[in-house]
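Dear colleague,

My notes on its charged pairs and its metal site follow.

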Amino acid sequence: MAVGFVKAVEGRTTLLVPELSLTAKVPPKTPAFFNPAARLNRDLSMLAYRAIALSLPAKTFADSFAGVGARALRVATEIPEIEQVYGNDINSIAIEAAKEAAGLNSVSEKCHFSIDEVCKFLLHGDAEGERFGIVDLDPFGTPARHIDCVLRAVLDGGLVSITATDTAVLCGVYPEVCVRRYYGRPLNNDYGNEVALRLLLSLLALTASRLELAIRPVFVHATMHYLRVYATVSVSSSEANDVYSNIGYIMHCFNCGHRFASKEYDGKSKCELCKTGLRVGGQLWTGPFHDKEFVKKMLAQNPDTRCKKVLDASLEEISEVPYYFKADEISSKLKTNPHSVQKIIEKLQSAGFAASRTPLNTSAFKTDANIIQILDVLRK
Ligand SMILES: [Zn+2]
């Protein structure tokens, strides 16, 4: 074992990780990067990969930024349906640790590790030069520069999973950077993380359509520090032609809190409720985030409480509304004590509106009622 590395068990897998990464507040990038706090991210990955493993066109998994192999080794050890696992990183110390840990888990035969630039690794393909069944991309910062290579590396009917950690950019702190990376404007507001996920998905969908491919999101989630999307990919120019049926804008009024999805953006709309200026988010993905059948397959694996919480809310979420409302935003408009999210949902439903929780914020809800209708319902 390399100096400074220790064993750490995650899931059913033994990893070799830098000792400092287990104690430091921010895990160091040298000698190798490992983030123990990303366990939820990896736990959800295992549920998602297992949900699709049997229907993959090839039982292969590619981890573009493998680091010490945390995700790749867990796939190799915990998902027997995946037959071959390819892990790549530019850091040779990290890859040495991953190789050694593969031996500890008795999965060396199905694991292939390489030290290469990401796009070179992805386009090289598997041992036969074929595309992969699942391609994961979990970089430091933005995934934008690697999206083309990821899509070119996955098989028809395969899955891509992509993490973005440039959340400040996607949530609206640096709008110009967001526009050049994701071709859409962010909204720095209460539901910025939902807009962020939709910007990431629209870049993925539009890039796919340029490559005669179509994507279909099956699961997404977000925390303070990252956003993550899972989407199946199919080779279909007719589906690619339809890409704009799921691309649009979210219009938001920072004066009265009104928000709505729109196919078109004319640049000069006024808020229909208060007649002041609207701000625009997008272009972005306005279609569904989740394939409910896929989420059910993830839930059927008896996940732990943290994963189950995310999955239950994903299953419940109404998919036709591409934004949410925070409970405290509503209570401050009503000048009352905060209502519980559950109470708000019940009241909206009994008034005839669609309403649900959202997995993206535990103190928020989704509804097809507009802001005036919400306030009216809650005043009663
Ligand atoms: Zn307004």
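Helix H9 (residues 192-210) holds both arginine 198 and glutamate 194, which are four residues apart, about one turn of the helix; helices (H or I, at least four residues) and strands (E, at least two) are DSSP runs numbered from the N terminus. These two residues form a salt bridge, with 2.9 Å between the closest N and O atoms; the term denotes a side-chain nitrogen of Lys or Arg within 4 Å of a carboxyl oxygen of Asp or Glu. Both arginine 198 and glutamate 194 are buried, where buried means under 20% relative accessible area, exposed over 50%, and partly exposed in between (1.4 Å probe, protein chains only).

Please note that this is a predicted model, in which local features need pLDDT of at least 70 and side-chain atom pairs count only at pLDDT 80 or more, while totals for chains, interfaces and linings use all residues. Residues are numbered from 1 along each chain as its sequence is written, and side-chain values use heavy atoms, with hydrogens and water left out.

The count of salt bridges comes to 21. One of them joins the side chains of aspartate 166 and arginine 181 at 3.0 Å, N to O. Aspartate 166 lies in the loop between strand E7 (154-164) and helix H7 (167-170), and arginine 181 in helix H8 (residues 175-182), so this pair ties together parts that are 15 residues apart in sequence. Aspartate 166 is buried at 8% relative accessible area, whereas arginine 181 is partly exposed at 22%.

A further salt bridge connects arginine 216 with aspartate 291, their closest N and O atoms being 3.2 Å apart. This pair links distant parts of the chain, 75 residues apart: arginine 216 is in strand E8 (residues 213-222), and aspartate 291 is in the loop between E12 and helix H11 (292-299). Salt bridges that share partners also join Glu10, Arg39, Arg42, Asp43, Arg74 and Glu78 into one network.

As to the metal site, the zinc ion is coordinated at 2.3 Å by the SG atoms of Cys253, Cys256, Cys271 and Cys274. Donors are N, O and S atoms within 2.8 Å of the metal (3.2 Å for Na, K and Ca); water is not among the atoms, so sites may look incomplete. The donors follow the spacing C-x2-C-x14-C-x2-C along the chain. Cysteine 253 is buried at 0% relative accessible area, and cysteine 271 is buried at 1%.

With kind regards
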